[in-house]
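I opened this entry to keep track of what I looked up, and in which order.

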Amino acid sequence: MNILHVFKTYYPDSMGGVEAVIRQLTAATAPMGVSNRIFTLSWQANRQPVLHEGSVEIVRAQTHLEVASTPISLNALRMFRDEVARAELVHYHYPWPFGDVLDLLSRRNRPAILTYHSDIVRQRLLMPAYRPLMRHFFAGVDAIVPTSPNYLQSSEILQEYRSKATVIPIGLDESCYPQPLPERMRHWRNAVGEGFFLFVGVLRYYKGLHILLDACANSSSRVVIVGAGPVEASLKQQAAQLGLTNVHFVGAVPDEDKVALLKLCKAVVFPSHLRSEAFGVTLLEGAMYGKPLISSEIGTGSSYVNIDGLTGLVVPPSDPDALRKAMQRMDANPALVEQMGLRARERFVNLFTAQKMAESYVELYERVLDQRQLMRAA
């Protein structure tokens with residue numbers, strides 16, 4: 001099968017959760033006979049219009065402007081039509097409203113599915129103008145894939161399309177993660193110690209890191225924050241104003257260093273407080289390495305990965321006191337940390353491997369293609 005994945009950004013320009021899912025999915029489906037290509041936008045496309053990542057070809061149209069976090073290209077249409085013509089099925093990754101436009105003008109009845117990674121949250125004021133296009137887009141795809149039953153249940157938009165929804169959880173391939181060399185382990189042990197709470201991710205407004213910093217005030221819990229992003233400067237300013245000596249910002253790091261920090265940490269803390277956080281790949285990474293999890297209840301996939309009292313602790317969103325108490329509880333109870341970490345690892349193995357995700361998507365691809373063939377035959 002020839003599958004064309006479509007999303008607004010991709011490596012190396014952006015390293016967010018959706019990009020990580022696409023990378024894991026394309027790698028895991030390739031041994032199953034799937035040929036994957038990726039269509040995306042980039043500010044660097046004029047210099048490098050095509051990149052290769054293993055067997056995956058990444059085709060990039062030049063970004064010309066960005067409106068409400070939506071990159072737009074003035075010359076993407078022709079390129080996208082060429083890519084669609086080569087594909088048996090188009091796999092959109094939502095949200096990206098400009099992708100809706102490309103679909104409207106270019107797909108020409110090609111089979112398509114849509115992975116629904118998140119509601120549109122920050123740009124809700126634009127929804128009245130965008131909603132007719134969105135509904136046309138959703139009506140035209142063959143299947144919609146929420147990444148958790150929690151998100152399917154809680155998303156107002158998805159309620160209209162339950163009849164074409166198939167839940168497929170995100171999965172990770174542990175073998176894709178590098179084993180850190182002893183010197184990298186020593187480096188990070190000397191730099192930040194062990195037994196800290198770890199956050200990993202792009203530093204965005206919905207990650208709730210301002211809440212985490214408030215929770216660290218008047219607390220002995222140690223926190224390491226990995227990542228860079230739009231709110232980095234304001235977070236560092238907040239930490240300085242609070243006089244926090246128990247929080248370390250280490251910036252964006254290579255995968256080997258991230259794994260070293262995952263191994264050294266006590267638990268993964270994930271304070272996202274808005275529904276833009278639909279799943280939480282970092283939670284999966286923590287579970288994969290047998291770490292307990294702390295997250296907020298926002299009605300999304302984060303509470304599908306992290307089960308309160310089983311794999312970790314789930315606290316109310318935007319509540320620094322509750323977050324502080326959760327970290328203090330783990331600090332005071334090593335046995336609880338060990339038990340929850342073991343159960344988090346067990347849940348990862350049972351539900352969240354890349355192999356399981358890939359098998360589910362290949363089954364869905366085949367079902368959609370078979371249904372289209374039957375429709376044409378009729």
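For the element names I take helices (H or I, at least four residues) and strands (E, at least two) as DSSP runs, numbered from the N terminus. The model is a predicted one, in which local features need pLDDT of at least 70 and side-chain atom pairs count only at pLDDT 80 or more, while totals for chains, interfaces and linings use all residues. Residues are numbered from 1 along each chain as its sequence is written, and side-chain values use heavy atoms, with hydrogens and water left out.

**Entry 1: surface patch**

I began with strand β5 (residues 65-67), where Val 67 has its place. I call a residue buried under 20% relative accessible area, exposed over 50%, and partly exposed in between (1.4 Å probe, protein chains only). Val 67 counts as partly exposed because its relative accessibility is 43%.

**Entry 2: nonpolar cores**

Next I looked up the cores, each a set of buried Ala, Val, Leu, Ile, Met, Phe, Trp, Tyr and Cys residues joined through side-chain atoms within 4.5 Å. In soluble globular proteins, nonpolar side chains tend to be buried together. The largest core here has 78 residues, and I noted Ile 113 and Leu 198 as the ones that touch the most other members. Helix α14 (residues 354-377) gives the most to this core, with seven residues. Apart from this core lies another, of 34 residues, with Leu 4, Leu 41, Val 90 and Leu 158 among them.

I then listed the contacts of Ile 113 (heavy atoms within 4.5 Å). Leaving aside its neighbours within four places in sequence, Ile 113 has contacts including Leu 89, Val 90, Tyr 92, Ala 143, Val 145, Tyr 361, Leu 364 and Val 368.

**Entry 3: salt bridges**

I count a salt bridge where a side-chain nitrogen of Lys or Arg is within 4 Å of a carboxyl oxygen of Asp or Glu, and by this rule I get 16 of them.

Within helix α2 (residues 76-86), Arg 78 and Asp 82 lie four residues apart, about one turn of the helix, and their side chains meet in a salt bridge of 3.7 Å, N to O. Arg 78 is exposed because its relative accessible area is 56%, whereas Asp 82, at 42%, counts as partly exposed.

Asp 119 and Arg 275 form another, with their closest N and O atoms 2.9 Å apart. This pair links distant parts of the chain, 156 residues apart, with Asp 119 in the loop between β8 (112-116) and α4 (127-140) and Arg 275 in the loop between β13 (267-270) and α10 (281-288). Both residues, Arg 275 and Asp 119, are buried.

Arg 184 and Asp 257 also meet, at 2.8 Å from N to O. They link helix α6 (residues 182-192), which holds Arg 184, to helix α9 (residues 255-264), which holds Asp 257, across 73 residues. Arg 184 is partly exposed at 25% relative accessibility, and Asp 257 is buried at 8%. I also noted that Arg 37, Glu 57 and Glu 83 are joined into one network by salt bridges that share partners.

**Entry 4: backbone**

Most residues other than glycine have a negative phi, and most peptide bonds are trans. Which peptide bonds did I note as cis? One runs from Tyr 11 to Pro 12, with omega near 0°, and another joins Tyr 94 and Pro 95, with omega about 15°. Pro 12 is in the loop between β1 (2-6) and α1 (17-29), and Pro 95 in the loop between β7 (89-94) and α3 (97-106).

Asn 218, not a glycine, has a positive phi of about 55°; it lies in the loop between α7 (209-216) and β11 (223-226) and is exposed, at 78% relative accessible area.

**Entry 5: cysteines**

With a disulfide taken as a pair of cysteine sulfur atoms within 2.5 Å, my count is zero. The sulfur of Cys 265 is too far for a bond, because the closest cysteine sulfur, in Cys 216, is 14 Å away. Cys 265 is buried, at 3% relative accessibility.
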